[in-house]
Amino acid sequence: MDMKTRIQEKFKTLFGGEGDYFASAGRINLIGEHTDYNGGFVFPGAIDKGMIAEIRLNGTEKVRAFALDLDEYCEFGLKEEDKPAQSWARYIFGVCREIEKRGGKIAGFDTVFAGDVPLGAGMSSSAALESTFAYALNHLFNLGIDKFELARIGQSTEHNYCGVNCGIMDQFASVFGKKGNLMRLDCRSMEFEYFPFDPTSHGYKLVLLNSCVKHELVGSPYNDRRASCERVAKVLGQEFLRGATMEQLDAVKDRISEEDYKRARYVIGEEKRVLDVCDALAKGDYETVGKRMYETHWGMSRDYEVSCVELDTLAEIAEKCGVTGCRIMGGGFGGCTINLVKEELYDSFIGTAKAEFAAKYGHEPKVIDVVISDGARKL
Ligand code: GLA
């Protein structure tokens, strides 16, 4: 039974009748990691895995929500003091609160939702959830909120209700995603451009290998990285690290910690890599794209220190198999690598990666073929 039908059946059993259906997507990011909160560039796209929610207004001031994948029910009010205990429900609650903080008037609703973005894989299942509800409530209550603000509502939900000081990339990708296109977003000006992306027409495939090491951004490691960047920007007298040069960084080296120096070095390097990749793609130069991806991987591993042994192993295997590009995708600390691989190498690479990874860690990485798809929408 497909996801929508399962949702429909559960909704009927729990609440009777039928509501409207809304969906949003998880994302990939070709390059530009940990640059969003530094005012830099990112290069994501929405994928064909996401969330679907059936929603119907219930005429009360209460939300009654059922998470189908977890088989859990939760009921909560819409006031600040009604914050639910379950972490999944806080995403929905947070979206409601952030809409109200912006002057949008909403009321109670019934919902059943489910998703197929693997949790903790660095593919933004939480952004998919936030965007689905932000988009849906905007529609159902006729609030007229623009798409950027919908993305910001998701981001503020993470900041204020989920403990992650994230940037805007995931929610942006999930709201603005367009089939067959990546998007280069300037996170300082919020200008963006769609880039048609069809690696198959150049003989390449884009595939994710999920290490199945669950990444958890809640808590200190992610927020710590962001704090390091903000400290260095302050010493440089800038609002963001964006636009800083290595020379400027070296000039303040003795005023910052070794750790902050390395983290800032990674971010400054990443800035240039994103722009390089966009130029290379425009020329169909996939070799350069791939080289920059490996550089990002090792920068994230050695300087930014957001990798883990399993992800480093996957990058080493990719390199050995002649894969064009490979790197950690998303926040890090587990999750997936994103791989750009020539079609003729695909089968042997996947076979080798599965066997060598399993021999070391006792389980195979999960293979996820990437299909670039649409973002938030009503079904
Ligand atoms: C997480 C955050 C994003 C971004 C990435 C790293 O996915 O939610 O805002 O910072 O990590 O690029």
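What follows goes from the domains to the ligand site.

This is a predicted model, in which local features need pLDDT of at least 70, side-chain atom pairs count only at pLDDT 80 or more, and totals for chains, interfaces and linings use all residues. Residues are numbered from 1 along each chain as its sequence is written, and side-chain values use heavy atoms, with hydrogens and water left out.

The protein is divided into domain 1 (3–194) and domain 2 (198–369), with bounds that come from an automatic or database domain assignment. Taken over C-alpha atoms, the centres of domain 1 and domain 2 are 26 Å apart. Across the boundary, 33 residues of domain 1 are in contact with 43 residues of domain 2 (contact means heavy atoms within 4.5 Å).

Where does the ligand lie relative to domain 1 and domain 2? Both domains give residues to the shell around the ligand, so the ligand lies between them. The shell holds 13 residues, and the closest are Glu33, His34, Asp36, Asp170 and Tyr222; a residue belongs to it if one of its heavy atoms lies within 4 Å of the ligand.

A polar side-chain atom of Asp36 lies 2.5 Å from a ligand oxygen, while a polar backbone atom of His34 is 2.6 Å from a ligand oxygen. For Gly331, a backbone N or O atom lies 3.4 Å from an oxygen atom of the ligand. The protein covers 97% of the 310 Å² of accessible area that the ligand has on its own (Shrake-Rupley method, 1.4 Å probe).

Technical notes
A polar contact is a pair of N or O atoms within 3.5 Å; within protein, one must be able to donate a hydrogen and the other to accept it, and residues adjacent in sequence count only if both atoms are side-chain atoms.
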